[in-house]
Amino acid sequence: MEYMLMIFSDPTGFESMSPAQQQEGLAAYGAYHQALEKSGVLRASTRLRPAQAATTVRLKSGKTEVLNGPYAETREQLGGYFVVDVPDLDAAIAWAVRCPGAAHGVVEVRPVWPMGAA
Amino acid sequence: MANGCGLKIVTADAAQVLPAARAAETAARRSYGKLVAFLAARTGDVAGAEDALAEAFATALAEWPVRGVPHTPDAWLLTVARRRRVDAVRQRRLQDSAAEHLSLLAELAAVDEDTATAIPDQRLGLLFACAHPGIDAGVRAPLMLQVVLGFDAATIASAFLVAPATMGQRLSRAKAKIRQAGIAFAVPEREAMRERLGTVLDAIYAAYAEGWSDPQGADARRRNLADEAIWLGHLLASLLPDEGEALGLLALMLHAHARREARRDAAGAYVPLAEQDPARWDAPMIDEAEALLERAGAGGEVGRFQLEAAVQSAHAVRRHAGRADWAAIEQLYDALCALTGSPVAGVNRAIAVAEVRGAAAGLTALDALVGDERLALYQPYWAARADLLARSGDVRAARDAYEQAIGLERDPAVRRFLQQRAAAVLAL
């Protein structure tokens with residue numbers, strides 16, 4: 001089953017770190033990525049730029065609305081995700097807790113809804 | 001009666017944060033388990049016993065820390081539980097389901113307050129029921145923590161890395177199984193004892209291992225778990241004083257627990273066993289473990305937990321000898337490998353081999369394990385491999401193995417330690 005591991009964290013935490021600490025943090029993600037890959041469970045992964053780079057779009061009563069910033073103005077923002085293919089939720093949680101994001105933010109584990117499935 | 005005599009709270013914050021509150025919580029959990037065991041042993045209905053006590057237990061957890069532990073905790077819980085039951089039955093009198101409540105009421109009424117202090121301790125039977133072969137191995141430890149100590153499903157789920165809803169379902173299924181299959185609340189006869197005791201010990205150790213994985217004791221739930229597992233170990237060792245493996249398990253947990261503080265430096269950084277300052281180990285706790293191990297050895301047959309405790313003992317000699325007894329450690333892991341066939345024992349054996357005969361010999365021992373799928377996601381295997389490769393001068397392969405170890409580690413402090421090790425190797 002596929003699960004998306006979504007990393008929510010406060011981007012100011014990363015910004016306030018020293019370059020060496022940032023380097024170490026990114027290297028931890030690199031190692032995590034490699035471990036997922038070597039285990040054959042990684043389906044996709046993406047790191048997102050900070051939420052201030054976001055633009056939000058919607059159609060309201062037939063009119064388009066384009067706004068600066070993310071949809072939700074929360075301190076913790078979606079910073080990236082991994083999609084893993086594992087046997088069950090227990091296995092997905094085991095991977096989520098290894099994600100460096102679990103230590104500097106939270107990792108939300110959501111099952112992927114396969115195309116065509118009810 | 002069995003109690004947590006020897007059980008000490010060693011984490012720094014536990015000593016600071018309201019020891020009275022912790023004492024009250026501990027007392028409530030002890031009484032709770034005894035009453036659940038007593039009630040459920042008569043009906044086989046663990047969930048029913050828990051329901052009957054649930055509100056009283058919740059009230060105790062809220063009130064005792066403030067007002068102090070009552071003189072007779074068991075009687076206090078029973079009185080409150082009975083009062084709540086009477087209310088519930090009154091409310092439900094018009095409903096058909098009252099019958100079930102009446103039977104529980106009868107159970108509660110069977111024990112009056114005067115005899116409450118003399119409730120027979122049937123927790124051992126309850127432990128054996130929880131670890132029955134008919135119960136899924138993965139839910140045995142969670143089940144014990146819930147029915148013997150009263151931890152809620154959400155707390156247990158966090159410790160065992162399972163979704164709370166899933167954990168709740170697994171626990172109810174297990175309780176239904178106990179009732180429906182008629183699993184007895186009894187200590188098995190001599191013949192079946194050895195095998196069944198093994199499942200009880202495994203479950204207690206699983207609870208300890210989950211608690212242990214929170215080294216800083218930052219997470220109160222997990223810190224509790226390690227302490228509670230040790231308490232269960234004390235309970236078991238006192239109820240089965242002649243079982244070498246029960247004593248061995250307790251010795252193992254105490255040895256590991258004695259080093260709890262030493263696993264972090266003042267800045268919170270991870271300190272591996274080999275670099276820990278023995279002065280920071282808890283000496284009385286080690287002494288207690290040593291005494292238990294000696295008593296266990298007098299029994300004759302040696303099992304897994306005695307061997308593992310003996311390994312810890314061979315590490316602890318560093319207190320006096322300045323160096324761990326690696327030759328003994330290698331021999332003990334030889335025996336463990338032969339006994340259990342566990343790849344984890346194999347990894348530890350390879351580390352010992354490297355200490356005795358050098359990194360190359362250790363690597364050869366580690367290579368013999370390649371292909372065991374159980375090691376692919378086992379961080380210590382990759383960390384050991386990385387270290388031995390680095391010591392043999394194979395920097396590239398070491399870097400790869402370090403990457404894998406770092407990617408699999410969930411403790412940020414250990415992750416940072418591994419990253420620093422990897423960087424040091426690359427700088428050579």
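**Reading a hairpin, a helix and a contact**

Trainee: In the hairpin of β3(A) and β4(A), which residue takes a positive phi?

Mentor: Ser61(A) does, with a phi near 50°, and this hairpin has two residues between its strands. The elements come from DSSP: helices are H or I runs of at least four residues, strands are E runs of at least two, and numbering starts at the N terminus. Bear in mind that this is a predicted model: local features need pLDDT of at least 70, side-chain atom pairs need 80 or more, and totals for chains, interfaces and linings use all residues. Residues count from 1 along each chain as its sequence is written, while chains are lettered from A and ligands numbered from 1 in the order written.

Trainee: How many bridges join β3(A) to β4(A)?

Mentor: Two strands pair once DSSP finds at least two bridges between them. Here, β3 (residues 55-60) and β4 of chain A run antiparallel with six bridges. Across the pair, Arg58(A) stands opposite Glu65(A) of β4(A).

Trainee: Why does β4(A) lie largely in the open?

Mentor: Count C-beta atoms, placed from the backbone: 20 or more others within 10 Å of a residue's own makes it buried, 12 or fewer exposed, and anything in between partly exposed. Strand β4(A) covers residues 63-68, and zero of its six residues are buried, so it lies largely in the open. Over the 118 residues of chain A, 22% are buried.

Trainee: Which residues of α2(A) are buried?

Mentor: An α-helix has 3.6 residues a turn, so residues three or four places apart point the same way. In α2(A), the buried ones are Gly25(A), Ala28(A), Ala31(A), Tyr32(A), Ala35(A) and Leu36(A). They cover an arc of only 140° around the axis (taken from the directions from the helix axis to the C-beta atoms), which puts them on the same side of α2(A). Pro19(A), Ala20(A) and Glu37(A) are exposed on the other side. Just past α2(A), Gly40(A) has a positive phi of about 75°.

Trainee: What do the buried residues of α2(A) pack against?

Mentor: Contact is a C-beta distance within 7 Å, with those atoms placed from the backbone. The partners are α1, β2, β5 and α3 of chain A, along with α21 and α22 of chain B.

Trainee: How many residues does each chain bring to the contact?

Mentor: Chain B brings 17 residues and chain A 16. On the chain B side, α21 (395-408) and α22 (412-426) each supply at least two, and α21(B) gives the most, with five.

Key
Two residues are in contact if their C-beta atoms, placed from the backbone, lie within 7 Å.
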